[in-house]
Amino acid sequence: MANLSDYKNIWVFIESEHGKVKNVGYELLSVARKLADEKKCGLIAVVLGKNVEKAAKDAICYGADSAILVDSDEYEEFSTDAYAAALTELVEKYKPEAFMIGATHNGRDVGPRVACRLQTGLTADCTDISIDEDTGVIVWTRPTFGGNLMANIMCPDHRPQMGTVRPGVFKKNPYDESRTGEIIKEEIHFAKDKIRTRLIDRVEEIAGGVALDEAEIIVSGGRGVGSAENFAIIEELAKVLGGVVGCSRAVVDAGWMPQVHQVGQSGKTVAPKLYFAIGISGAIQHLAGISASDTVIAINKDPDAPIFSVADYGIVGNLNEIVPELTKAFAARKN
Ligand code: FAD
């Protein structure tokens, strides 16, 4: 068992691809900042990639006290072998108490691998993180039993305490240019011939340019929309608002929309300024994906639909009448 008192500070992994940083790293800095202040420990961003020095500086402006930067050719493309080896080496050298990683495809791949090499635990897909008052141990909260219960998971005997968190669960702190901190440059190299996977081609997701997790306005339709053809009214409203189309799982299951549009526990977690839930009942698994939205507007013919209990504004009525009227009204305001 590790000597727990050797482990200090909270780490956040700042993931990037081709020098472009994924927001989730900066989002995690906001919750990690709160926890680090509570624990009176340091908050350190770990930046791995190629040409990512700016990301290390930005991480400090988003709340980190300092950053560890590994900037080298072999990290330009994500590879499980090279990333897992570098992160493991860093943890062994610096011994952080906790390590948070975005639950992106790459984060979900590398996080458990690092945890396994370090013989510690990792809680996947967390929706909240706090500190246990009695022990000071991190409490990782995540949905379980199909989203019907929230589980609090702790890792009291091993370090670091690790977890992955979905994009969009936390909001970034405002960018504060006046913040300063040390950037520690580490040279860690991994022989290219030891990387067991090879990137052969890169195919951009095309499904209508869906970028739900970055969207400011999302117009989502549910089973109440009635058919694939009728999704045209949802698309028109989204278009006039400059938003992105989302949907519930019932819609994906019915084959009306591709899965890339699905919002919720088994779809995307979103954090738009404005979220329209149209013909969506508000099942707990759908709500799990929209809790970070600033404003939710629900349209449903059933006044008792659970969606109204989380909506900021509700319209009770037939979506086939209301949605085209809204589209017309927003279009008129634009002109
Ligand atoms: P319904 O629940 O059928 O609701 C349709 C709504 O439309 C009703 O409220 C009805 O009043 C209204 N309506 C009908 N006609 C009209 C009209 N003309 N005008 C206005 N309103 C109308 N679901 C997700 O969405 N995302 C997930 O990621 C997800 N993950 C899941 C994971 C697990 C493990 C499980 C078990 C389930 C998951 N689900 C998920 C499914 C979820 O439980 C619900 O079944 C689903 O969200 C229901 O979709 P809906 O609201 O579109 O359909």
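This is a predicted model: local features need pLDDT of at least 70, side-chain atom pairs count only at pLDDT 80 or more; totals for chains, interfaces and linings use all residues.

Trainee: Why are α5 and α8 called roughly parallel?

Mentor: Look at the angle: α5 (residues 231-241) and α8 (residues 319-334) pack at about 20°, and their axes are 9 Å apart. Angles under 35 degrees count as roughly parallel, so that is the label for α5 and α8. Their crossing is left-handed.

Trainee: And why are α3 and α4 called oblique?

Mentor: Here α3 (residues 80-94) and α4 (residues 105-117) pack at an angle of about 50°, with 9 Å between their axes. Roughly parallel needs an angle under 35 degrees, and roughly perpendicular needs 65 to 115. The α3 and α4 pair is therefore oblique. As for handedness, α3 passes α4 in a right-handed crossing.

Trainee: Which residues of α3 and α4 meet?

Mentor: On the α3 side you have Thr 80, Tyr 83, Ala 84, Ala 85, Leu 87 and Thr 88, and on the α4 side Asp 109, Val 110, Arg 113, Val 114 and Arg 117. That contact divides into six nonpolar, two polar and three charged residues.

Trainee: Now the strands. What makes β11 mostly covered?

Mentor: Buried means under 20% relative accessible area, and five of the five residues in β11 (residues 161-165) are buried.

Trainee: How do you know which residues of β11 cover each side?

Mentor: In a regular strand, side chains alternate between the two faces of the sheet. In β11, Gln 161, Gly 163 and Val 165 lie on one side, Met 162 and Thr 164 on the other, and all are buried.

Trainee: How do you know that β11 pairs with β6 and with β7?

Mentor: The rule asks for at least two bridges. β6 (residues 98-102) has five to β11, running parallel, and β7 (residues 122-126) has three, also parallel. Both pairs therefore pass the rule. As examples, Phe 99 has Met 162 of β11 as its bridge partner, and Cys 126 has Val 165.

Conventions. Residues are numbered from 1 along each chain as its sequence is written. Side-chain values use heavy atoms; hydrogens and water are left out. Axes are lines fitted to C-alpha atoms, for helices over the stretch in contact, and angles run from 0 to 180 degrees between N-to-C directions. Helices (H or I, at least four residues) and strands (E, at least two) are DSSP runs, numbered from the N terminus. Angles under 35 degrees count as roughly parallel, over 145 as roughly antiparallel, 65 to 115 as roughly perpendicular and the rest as oblique. A crossing is left-handed if the near helix is turned anticlockwise from the far one by less than a right angle, and right-handed if clockwise. Contact means heavy atoms within 4.5 Å. Ala, Val, Leu, Ile, Met, Phe, Trp, Tyr, Cys and Pro count as nonpolar, Asp, Glu, Lys and Arg as charged, and the others, Gly among them, as polar. Buried means under 20% relative accessible area, exposed over 50%, partly exposed in between (1.4 Å probe, protein chains only).
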